[in-house]
Amino acid sequence: MAAALNGPAPDGATDDGPGTPVPGGTGASAVAGDRSPGRYRRLSHWLSTVDDDLTPRPALPGDRLADVVIVGAGYTGLWTAYYLAVAEPSLRIVVLEKEIAGFGASGRNGGWCSALLPTSVPALARRHGRDAAVAMQRAMHTTVAEVGRVVAAEGIDCDWAAGGTVVLARSAAQLHRARAAVAEARMYGFGPEDLTLLGAAEAARHCAATGVLGGTYTPHCAAVHPAKLVRGLAAAVARRGVTIHEQTPVSTIRAGAAVTRTGTVRAPVVVRATEGYTPTLPGQHRALVPVYSLMLATEPLPEATWDRIGLAERQTFSDHRHVIIYGQRTRDGRLAFGGRGAPYHFGSRVHPSYDREPRVFAALSRALTDLFPVLGPELPVSHTWGGPLGVPRDWSASVGLDRSTGLAWAGGYVGDGVDTSTSPVAPSPT
């Protein structure tokens, strides 16, 4: 599925405890309790390969006033800051982040900027009507292009490749699901330009996995380097006058204020952009359920291997199994591959040690070598990592503003937040 770890990271309130390193790769729990300068690079393959040194911006030095204060420097918080700064450059916007911009899921996800929604179009239609559901899906299609536009306009080098997504069918049951997905798309007015049913040969030309019987293809997705995107977005908002305070955990969000140990930012609008870490904030324990998704990355693969695998346009890929997997070919020639399977932790607990689950990494390795036996019996894994994503109880992402209190929020992407966290329409500067 899309990007499976999307949304901001410990962007507000959690206390990291000790983690347990796992042989065979680097990951998020490797930095728990580590205060060395390079600790953030050990969070994921993505953060290990960004161009900047990840030195934190200064923490909040004391009380201050703002027009908008945003809690969380992941995609949601930074896109919010970006569009506000473009629409009204005079706004005093402050972003507060516990660690660094992109510390969490925005710097660890699968790198799918996709038009996927956590809720299906039929489910949306049952709740909100057919026209609204179709309009929402069309808006998601538009948003992929909008992210590409901002990436180009702001000069963000995030390995952007608009190669679309191929979802393979590798069994009779999966082929039935592929056909059903296309039939459903046609029922709601989405044509071959949005979703195409592939025969076996066509699907294999996209992605030559084993046992391919067919599949589906949509152009509405781009592969990205998610950490380069979030770090570039942070630099872009800073250039537009937004103040980002890192190393600044927020203990309380209330009407008119975000409270930290070193000061309180008072503002008429306070935006909660904490995604899977939302339950760690007072009063938000049941707002979202944190569910973990884990990933691995291989060493760069030889061109001869890529000739056999395919993905020449850097298509993102999955298959129609029920337990979600997701992957991409990175610009430097690796396979970045992830999936679900990590357990829910009682009481919606979030902890760095949960970012690493050896049995899940082993299952991901088996799944990847089953897809591509050319990788050999000893999968050349360079990194393993993971993190929580936010799941709302109605399985629907949301955005809102309570005008009576000035409290705003967005999130609940269920792993599809790289695209969903932004806007389908570029704002007009004032």
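In this predicted model, Cys-207 has a relative accessible area of 0% and is therefore buried. Cys-113 likewise counts as buried, because its relative accessibility is 0%. Neither cysteine takes part in a disulfide: for Cys-113 the nearest cysteine sulfur belongs to Cys-221 and is 6.9 Å away, and for Cys-207 the nearest cysteine sulfur, again that of Cys-221, is 14 Å away. For the structure, the count of disulfides comes to zero.

Burial is also seen in the strands. Strand 18 spans residues 381-391, and ten of its eleven residues are buried, so this strand is largely enclosed by the rest of the structure. Its pairing with strand 14, which covers residues 289-298, is antiparallel and comprises ten bridges. Within this pairing, Pro-290 stands opposite Gly-390 of strand 18. In a regular strand, side chains alternate between the two faces of the sheet.

Two cavities of 30 Å³ or more are present in the structure. The second largest cavity holds about 40 Å³ of space. Its lining draws on residues from Ala-85, Glu-88, Pro-89, Leu-91 and Ile-93, together with Arg-240, Gly-241 and Val-242. Five of the lining residues of this second largest cavity are nonpolar, one is polar and two are charged.

Notes. Residues numbered from 1 in each chain as written. Predicted model: local features only at pLDDT ≥ 70, side-chain atom pairs only at ≥ 80, totals over all residues. Heavy atoms only, no water. 1 Å grid on protein atoms, 1.4 Å probe; cavity = no way out; pocket = protein on both sides within 12 Å on 5 of 7 lines; lining within 4 Å. Points joined across faces, edges and corners; volume = space filled by probe spheres on them. Nonpolar A, V, L, I, M, F, W, Y, C, P; charged D, E, K, R; others polar. Disulfide = S-S within 2.5 Å. Buried < 20%, exposed > 50% of the residue type's maximum accessible area, 1.4 Å probe, protein only. Helix = DSSP H or I, 4+ residues; strand = E, 2+ residues; numbered from the N terminus. Pairing = 2+ DSSP bridges.
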